[in-house]
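Take a look at it before reading on.

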Amino acid sequence: MTSFSSGPPAGRRWAAHRLALLLVAGLLQLALLLGTYGKLLGHPGRYVLVDHADCASSYYSLATFLRQPLRQGLLEHGQNYPFGEYIFFTDIAPLVSVPLHGLVQAVPALAPYGLYLFEVFILAGLLLSTLLLLRILRRLAVPAWLALVLSVALPWLGPQTSRLGPGVGHLALAYTPALLGPLWLLQGLHRARRAGQPTGRWWMGLGLAAVAATWIHFYYLGILGGWLGSFFGLWALREALAGRPWRALAGRAAALLVALAAATFGLLLVLDGRRAERPVGSGGYDWIEWRFQFTTLFTGHAFHKVRFLLERVGGVPYESYTYLGAFVLYGLVLVGVLAVVSWRRRQRGLPDPALLPALPPATDGSREFVGLLLLASLPLALAALGETIEVDHGGYVVTNYLNLFLWVHKLTERITQFRALARFIWPFWWALVLGFSWYAGLAWRQARATRRVWLAGLWVGLAALAVVDVLGSTRYYQVGTQLENPLAGPRTNAARALLGWGWRAPGRYQAILPLPFYHSGTESFEQPYMGVDAEDPFAVRTYQLGMVTGLPLMAHHGGRAPSYQARELMGLFRPEGPDPALLARLDPRPILVYLDSTYYTGNTFYRDQLRDRPDALALFNRMPAFVLEQHMRRLAHEGPHSLYEWQPVLPAAAGGGRAAPVPR
């Protein structure tokens, strides 16, 4: 087999070539973005990527955070009234939403476009990912044409990007540069140290990039912290075994990881005024639907036109989606076939046909980096499998003692906050795909050098499969997303009609109480558990009322909320009357009550959900009676939808009748 070095070219000509390649890649990706999301990008504020589930809740949290005064700080007051919630637990990317809040408050004309600017930031991540990938691949000496194709294709095929589709959303997790940015800096650090060059700027950049990624979404703290920690540990071990200086490397790596934890988790503990009230652990940890499932590596979506030879029959859980794509999968098949052909010829005493390239020597920088990257991702891949692995449809359970999380879990419940374990497979996906791309570049160069046009054509054909995958993906995102903004007209017209088109009551009411009441985000292991999940269409209608009226919702859709908040709010509906602890938190103004009677006359969503929780079910069944007992005045009625005015009897006014209503 022929060996090819992967050292990088240099000089002015290379600099001009690199700039031109970056420009072409950027323009190609920009054209794909405009072709895919032209409707959203061309109509600011009118369309959104996803209009339901967790994403709709995040949109509402962001919209209400952007409209509140800066003096209210990091507590978002659009939901969970009268408590509110810190933005760190609302999935709105604090690194983006906080500066955006300041911008919108400074330039009020931008207020209607807050969600649009947020989505532009997320989508721009695809463009930035292309530029980062092109630099990463060219440093690995991947041929320019292949690096160009893959740098445009891979951002659309990565496991994070699937969250841009018509699923649950989690748009902050779809920001691929959160992983590729630190990866590019890590590669630069590795190259600089090997070359004996100063590394201070690379260490600083890597630390800042990891901190920034974490403040986009805190799962990146676990993913990046684990990946970087494993990489540096393996790198230092390699240096030590080779008899080279390693202590400075290990010391700087440890300092970086400590600084990362302090600037993210440590700062969060300082900023979160309710840290002592939140549970240490989190429910759903190690749930099979949130663990990585191996078969998802070779099972594509329905929109992928090129199907692999072997696929999973059942559906793929959204958290576990890690399809490698036709380029990698059929590339591995090709490597296997060529390896067998070469082996058979050698067995017959024939010359080696050199159909596959030999790996560069172990001292090669690209080989070392790719090897370390892949090995460093394996501990996270093992963690993504969960603490147990089910065999024979759950008939047997294998304890995954190779899962580091299993051992950490024995020491603290805090590790369970990273409950969606499948997300920890992302580094393995990128390491494997980048590693194969590097090897494919070597193979294509060898085919060219040995003048095997047919073999070089096979590698070009594999790259074409990546293009086919991208075309299917972009079509899927183009058709399945770009929906009308649920928080703006015309989607809010029904809410405006119910309120009356002449609605003018700023300041009269303090909040909206939706019935049936929902409050999700507390942990089920904290008893008595009073959390109730909302049916999605109903939740969206409550968000629309909140946007039209400007009033906060007493309901809540979030994460890691203190359990006493759900208990106090559900205590409104007790037979003996509302919980005095909650009433003491209210002000004297009336509350606007929104009732959808559908859920008490036919729709069984809530009754089905609460069937095994009699205490919560009893409170749910009492909600219509609560309207009568509190002598609410009906303001509007349309079909099953009604609006009422409720004047709570506050504790301070208990001895003298009802609290005086605020004049109209």
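This is a predicted model: local features need pLDDT of at least 70, side-chain atom pairs count only at pLDDT 80 or more; totals for chains, interfaces and linings use all residues.

The protein has 22 helices and twelve strands. Its radius of gyration is 28 Å, close to the 26 Å that the globule rule gives for 664 residues, so the protein is as compact as a globular protein of that length. Along the principal axes, the C-alpha trace spans about 100 × 50 × 50 Å. Of the 664 residues, 54% count as buried. The protein exposes about 27600 Å², and carbon and sulfur atoms supply 63% of that area.

Four strands form it, in the order 7-10-12-11. The sheet is open, and its pairing is mixed. Strand 7 (512–515) and strand 11 (633–638) stand at the edges with a single partner strand each, so one side of each has no neighbour in the sheet. On average, neighbouring strands are turned by 20° against each other, direction ignored.

Strand 10 (residues 591–596) and strand 12 (residues 641–646) run antiparallel, joined by six bridges. Here Asp-596 stands opposite His-641 in strand 12. Helix 16 (residues 536–549) lies across strand 7, strand 10 and strand 12. The helix runs at about 150° to strand 10.

The loop between strand 8 (519–520) and helix 16 holds Tyr-529. Beyond its neighbours within four places in sequence, Tyr-529 is in contact with Thr-522, Glu-523, Ser-524 and Arg-613. Tyr-529 and Arg-567 are 38 residues apart in sequence, yet 7.7 Å apart in space, C-alpha to C-alpha.

Technical notes. Residues are numbered from 1 along each chain as its sequence is written. Side-chain values use heavy atoms; hydrogens and water are left out. Two strands pair if DSSP finds at least two bridges between them. Helices (H or I, at least four residues) and strands (E, at least two) are DSSP runs, numbered from the N terminus. Axes are lines fitted to C-alpha atoms, for helices over the stretch in contact, and angles run from 0 to 180 degrees between N-to-C directions. Contact means heavy atoms within 4.5 Å. The radius of gyration is taken over C-alpha atoms; the globule rule is 2.2 Å times the number of residues to the power 0.38. Buried means under 20% relative accessible area, exposed over 50%, partly exposed in between (1.4 Å probe, protein chains only). Accessible areas come from the Shrake-Rupley method with a 1.4 Å probe; for residues, only the protein chains shown count as cover.
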